[in-house]
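Hi,

Here is the model I said I would pass on.

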Amino acid sequence: MLNMVFRRHSARPRAAVSLGLGTWLLMAAAQAQQVKQTLNALDSSSGYNREAGVLVAWGLAFAVIIFIGVSGALFYTVQKFREDKNTAEPAQFHGNNRLEIALVGVPVLIVMVLALLTVRAMARLNPTQANSYPVSAVAAQFYWNFEYPNAKVDAAVGNGLVTNGNELIVPVSTKVAVTATSRDVIHGFWAPNLGGQRDAIPSVKKTWQIDTDKPGVYQGNCTLLCGASHANMRFKIVALPQADYQQFVSVAQTYKAPTPAAGSPEQLGYNIFMNGKGGSGACAGCHRVQGTGAAGQAGPDLSFFGSRRTLGAGMWEGADVDANLHEWLKHSPVIKPGSVMPRYDGLTPNYPALSDTEIDGVAAYIKSLRLPETGNYWTKITAAVPGAPVPAPQAARIPPTPQTSASVNGATLPGGN
Ligand code: CUA
């Protein structure tokens with residue numbers, strides 16, 4: 001029956017399969033540059049994980065004791081009461097009060113001990129300590145924005161808080177109080193090496209503490225199915241030594257986005273970014289750039305875009321950022337399913353079609369948005385932790401217009417708007 005159905009529609013499935021395979025190969029190629037990062041919920045560098053680890057150890061200990069006890073009793077009984085050894089009729093009795101009380105009492109006791117340990121761990125982990133360092137994680141389809149309530153932008157250059165998209169910088173050996181919320185649907189914040197998974201819920205703010213003693217780069221993921229690119233909603237946490245962290249913050253507070261030179265590709269991009277083309281499609285409507293008039297809140301903050309080493313909420317990193325940036329700006333929903341960023345290839349109503357030169361200009365402009373080297377958290381972590389899993393930096397120059405443009409142009413994946 002299945003065969004018949006398949007044969008009748010064989011032309012379509014084959015096309016679908018090859019399209020699917022093509023997309024998969026594209027995706028596989030896109031993942032090639034990702035650095036290997038270990039997700040470890042038992043990473044004992046985190047106080048949160050150490051506390052949770054105690055619970056796991058108790059649970060495992062009880063499980064092992066019960067396993068040994070039950071299987072021991074089973075083997076003993078089978079051995080002792082084998083038929084070939086016991087020809088006489090067995091003792092006839094009904095019930096055994098002591099055994100029954102033990103069989104009810106011991107499990108109740110175990111559950112009570114585990115419950116008390118759990119409550120104790122919750123009481124230690126959930127309240128935020130007065131000296132913990134506040135960070136806001138704002139989730140949206142499909143990216144993260146991290147804000148630093150303790151780091152106001154210097155009044156001389158702008159206003160608001162220091163904010164970074166998809167890359168969270170934290171100091172080591174510090175309780176970091178993360179407050180998570182969402183702009184649309186429910187997302188899940190999870191960076192297992194630093195501990196604690198929490199939902200990011202619209203109009204609800206949840207605060208808890210994460211921490212690590214070990215400087216390094218850690219992987220974070222969205223853990224609640226939130227739409228087509230749920231799996232492409234990742235983030236990096238860069239845990240810096242405290243002095244490096246302080247330096248990052250003070251550099252970020254006084255950072256002012258550069259003004260492009262007249263006639264440069266950056267200036268062409270700057271004009272489109274701020275004003276759009278033909279009166280529509282300004283990037284500034286959705287993105288904020290510190291020290292400029294761009295204050296949009298619908299998309300991730302781009303103030304330090306040129307310093308970042310991930311693109312599309314961690315969908316690409318390292319050299320893949322440069323390889324995908326042009327296609328990303330041209331029509332992001334084609335290469336990231338469900339991306340709500342408008343297309344600039346003329347297929348989103350009321351949004352302008354940009355030429356390749358114009359797109360390269362926008363790329364050049366956002367690449368120029370770089371933290372001064374004294375505040376560059378990637379070079380800091382590379383120096384502090386040799387061998388840390390650090391993605392390669394973006395190229396300083398504009399990438400040449402990719403030759404694959406034409407082949408991708410026609411493709412319209414589901415979720416495009
Ligand atoms: Cu956001 Cu899954």
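First, a word on naming: helices (H or I, at least four residues) and strands (E, at least two) are DSSP runs, numbered from the N terminus. This is a predicted model, in which local features need pLDDT of at least 70 and side-chain atom pairs count only at pLDDT 80 or more, while totals for chains, interfaces and linings use all residues. Residues are numbered from 1 along each chain as its sequence is written, and side-chain values use heavy atoms, with hydrogens and water left out.

**The overall picture**

The protein has 10 helices and 12 strands. Of its 417 residues, 45% are buried (buried is under 20% relative accessible area, exposed over 50%, partly exposed in between, with a 1.4 Å probe and protein chains only). Among contacts (heavy atoms within 4.5 Å) with a separation of 6 or more, 68% are between residues 24 or more positions apart.

The average pLDDT (the predictor's confidence in each residue, from 0 to 100) is 87, and 87% of the residues score at least 70. Residues 1–13 have pLDDT below 50, and this stretch has 1 contact in the model beyond near neighbours in sequence. Residues 403–417 also stay under 50, and for them the model has 27 contacts beyond four places in sequence. Where pLDDT is low, the predicted coordinates should not be read in detail.

**Salt bridges**

What holds charged side chains together here? The whole structure has 12 salt bridges (a side-chain nitrogen of Lys or Arg within 4 Å of a carboxyl oxygen of Asp or Glu). Three of them may interest you:

- Arg50 pairs with Asp213, with the closest N and O atoms 3.4 Å apart. Arg50 is in helix H3 and Asp213 in the loop between strands S8 (206–210) and S9 (216–222), so the pair ties together parts that are 163 residues apart in sequence. Arg50 is partly exposed at 40% relative accessibility, and Asp213 is partly exposed at 39%.
- Lys175 pairs with Asp211, the closest N and O atoms being 3.8 Å apart. Lys175 is in the loop between S4 (167–171) and S5 (176–182), and Asp211 is in the loop between S8 and S9, 36 residues apart. Lys175 is partly exposed at 28%, whereas Asp211 is buried at 6%.
- Lys236 pairs with Glu317 at 3.1 Å, N to O. Lys236 is in strand S10 (residues 234–240) and Glu317 in strand S12 (residues 316–317), 81 residues apart. Lys236 is buried, with 2% relative accessibility, and Glu317 is buried with 2% as well.

**Strands S2 and S3**

Strand S2 (residues 143–152) runs antiparallel to S3, joined by 4 bridges (two strands pair if DSSP finds at least two bridges between them). In this pairing, Phe146 stands opposite Asn164 in S3. Strand S3 (residues 161–165) is largely enclosed by the rest of the structure, because 4 of its 5 residues are buried.

**On the surface**

Leu42, Val56 and Leu60 make a nonpolar patch of about 290 Å². Patches are made of residues with over 30% relative accessible area and no salt bridge, with like charges joined within 9 Å and nonpolar side chains (Val, Leu, Ile, Met, Phe, Trp, Tyr) within 5 Å. Val56 belongs to helix H3 (residues 47–80) and is partly exposed at 41%. Over in helix H4 (residues 97–125) you will find Val111, which is exposed at 55%.

Most residues other than glycine have a negative phi, and most peptide bonds are trans. Here are the exceptions I would look at:

- The peptide bond from Gln141 to Phe142 is cis, with omega near -5°; Phe142 is in the loop between strand S1 (133–140) and S2.
- Asn166 is not a glycine but has a positive phi of about 65°. This residue lies in the loop between S3 and S4 and is buried at 6%.
- Ser203 has a positive phi near 60°. Ser203 sits in the loop between strand S7 (197–200) and S8 and is exposed at 75%.

Cheers

Notes: Areas by Shrake-Rupley, 256 points an atom, 1.4 Å probe, with all protein chains shown as cover.
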